[in-house]
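Student: I have just opened this one and have never looked at it before. Please walk me through it slowly.

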Amino acid sequence: MDEASFTAFADQLDRYVRDRLIPAEPRMIEANAVPADILTEMRDMGLFGITIPEDYGGAGLNVSQYVETIRRLAYAAPAYRSTISIGVGMVTSALKTGGTAAQKQRWLPQLAAGMIASFGLTEPGSGSDSAALQTRAVRTAEGYVLNGTKRYITNAPNAGLALIMARTSAENLPRNAHISAFLVPLDTPGVTVGKPDRKMGQAGATIADIIMDDATIPADALLGEVEGKGFEHAMRSLDNGRLSVAAASVGYARRALDTALSYATERKAFGEPIASFQLIQAMLADSRAELYAAECMIADACRLADEGRRTTIEASAAKMFASEMCGRVVDRCVQIHGGAGYLSEYEAERFFRDARLYRIYEGTTQILQLLIARNMLKEFAAGV
């Protein structure tokens, strides 16, 4: 999309976030689901197809435009972003880089039209440890038979499609070649979705187990129709997913800071607004500085991605810093509110609960530290 068109779209999205999404938050929280009318509007706006090429019914945004869209959308409650992000981020990315022409033709138009998607990597006994992944895909005359359980899967209760990582080899192979990726419709016989998990925050963003019990899928459900490439596709799509979470962290931190700034100018103590107190000003200033740093990191990582370069270190660093930054900003928002910040009557306590997840999914801060360091050491050994 050209810059003029994207600017017009971004302005429209800002108005939509403020006029429709934020006012709908109480309804969403009460029902623990994005309202049906809002989902319809999001589909009509084309939000489910923003990264999908125009040939398949999408808008064809580049990485920078996609991440900027997520940042603006994430000013509202996290569930809105969660509903679209797996499809437009990780699943679409894997399809574009690793899917066959037939797989793209089948799935990308459906995703662009608003099909909700899930990404199935984490299991009860494995998350970042790919060697411990237990879900098996056994080749048969009919295709593959899947057995295993995926845990904490975002959108699972509402998704039509899941990208499932499974073993196609019992042995652990170099470069994780024992893992393949499969495009699995969630109405496949033998596939069931568990009861939605109760969470600390992020109401409306549902997660649940995906259980596969002798689920038979055709051979052409194998992403790219090549075994052993699943982990590679997953990791490449996770770079994209981590930029999305980084952008979400920035968007929500901006919301929390705006709320804290508004409260600080209205709340009076000792006869004057608390915004006039220097220690309140210090918390506001620190938050704004950290937001700016995160925005710059994300912009640089997106630039590299748009140039076609691998961004494992940059995307991981941006996600790590931005999610930790968001945690500090929402904590300051609660502190600025004082006792009111602990009451559900005010938004500050919800921001605090919602933001905690950003430091966990798409790679915990600690896993990202290891990932960054390991890639640094590889580059040093290679003389990069």
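**Helix pairs, cores and a few residues**

Student: Is the crossing of H9 and H11 left-handed or right-handed?

Tutor: The crossing of H9 and H11 is left-handed, a word used when the near helix is turned anticlockwise from the far one by less than a right angle, with right-handed meaning clockwise. Please keep in mind that this is a predicted model, in which local features need pLDDT of at least 70 and side-chain atom pairs count only at pLDDT 80 or more, while totals for chains, interfaces and linings use all residues. Residues are numbered from 1 along each chain as its sequence is written, and side-chain values use heavy atoms, with hydrogens and water left out.

Student: OK, and at what angle do the axes of H9 and H11 cross?

Tutor: The axes of helix H9, residues 312-337, and H11 cross at roughly 150° and come within 9 Å; such axes are lines fitted to C-alpha atoms, for helices over the stretch in contact, and the angles run from 0 to 180 degrees between N-to-C directions. Helices (H or I, at least four residues) and strands (E, at least two) are DSSP runs, numbered from the N terminus. H9 and H11 are therefore roughly antiparallel to each other, given that angles over 145 degrees count that way, under 35 as roughly parallel, 65 to 115 as roughly perpendicular and the rest as oblique.

Student: Which residues of H9 and H11 meet there?

Tutor: Among those that meet are Ile-313, Ala-317 and Met-320 in H9, with Leu-368, Ile-372 and Met-376 in H11. The residues of this contact of H9 with H11 divide into seven nonpolar, six polar and three charged, where Ala, Val, Leu, Ile, Met, Phe, Trp, Tyr, Cys and Pro count as nonpolar, Asp, Glu, Lys and Arg as charged, and the others, Gly among them, as polar.

Student: What about H4 and H5?

Tutor: Helix H4, residues 63-73, packs with H5 at an angle of about 165°, their axes lying 10 Å apart. That makes H4 roughly antiparallel to H5, and H4 passes H5 in a left-handed crossing. Tyr-66, Ile-70 and Leu-73 in H4 meet residues in H5, among them Tyr-80, Ser-85 and Gly-89.

Student: And the core, which members touch the most others?

Tutor: In the largest nonpolar core, which has 94 residues, Tyr-80, Leu-146, Phe-182 and Ile-336 touch the most other members. A nonpolar core is a set of buried Ala, Val, Leu, Ile, Met, Phe, Trp, Tyr and Cys residues joined through side-chain atoms within 4.5 Å, and buried means under 20% relative accessible area, exposed over 50%, and partly exposed in between, for a 1.4 Å probe and protein chains only. Helix H7 (residues 230-266) gives the most to this core, with 13 residues. Apart from this core lies another, of 26 residues, including Met-90 and Met-165.

Student: Is Asn-240 buried or exposed?

Tutor: Asn-240, which has its place in helix H7, is buried, with a relative accessible area of 15%. Leaving aside neighbours within four places in sequence, Asn-240 is in contact with Tyr-66, Gly-89 and Ser-93, contact meaning heavy atoms within 4.5 Å.

Student: Which value does phi of Asn-155 have?

Tutor: Phi of Asn-155 is near 75°, a positive value in a residue other than glycine. Asn-155 sits in the loop between strand S3 (143-154) and strand S4 (161-167), and this residue is buried, with a relative accessible area of 3%.

Student: Last one, where is Phe-277?

Tutor: Phe-277 is in the loop between strand S9 (272-273) and helix H8 (278-306), and this residue is partly exposed, with a relative accessible area of 25%. The C-alpha atoms of Phe-277 and Ala-381 are separated by 51 Å, and the two residues are 104 residues apart along the chain.
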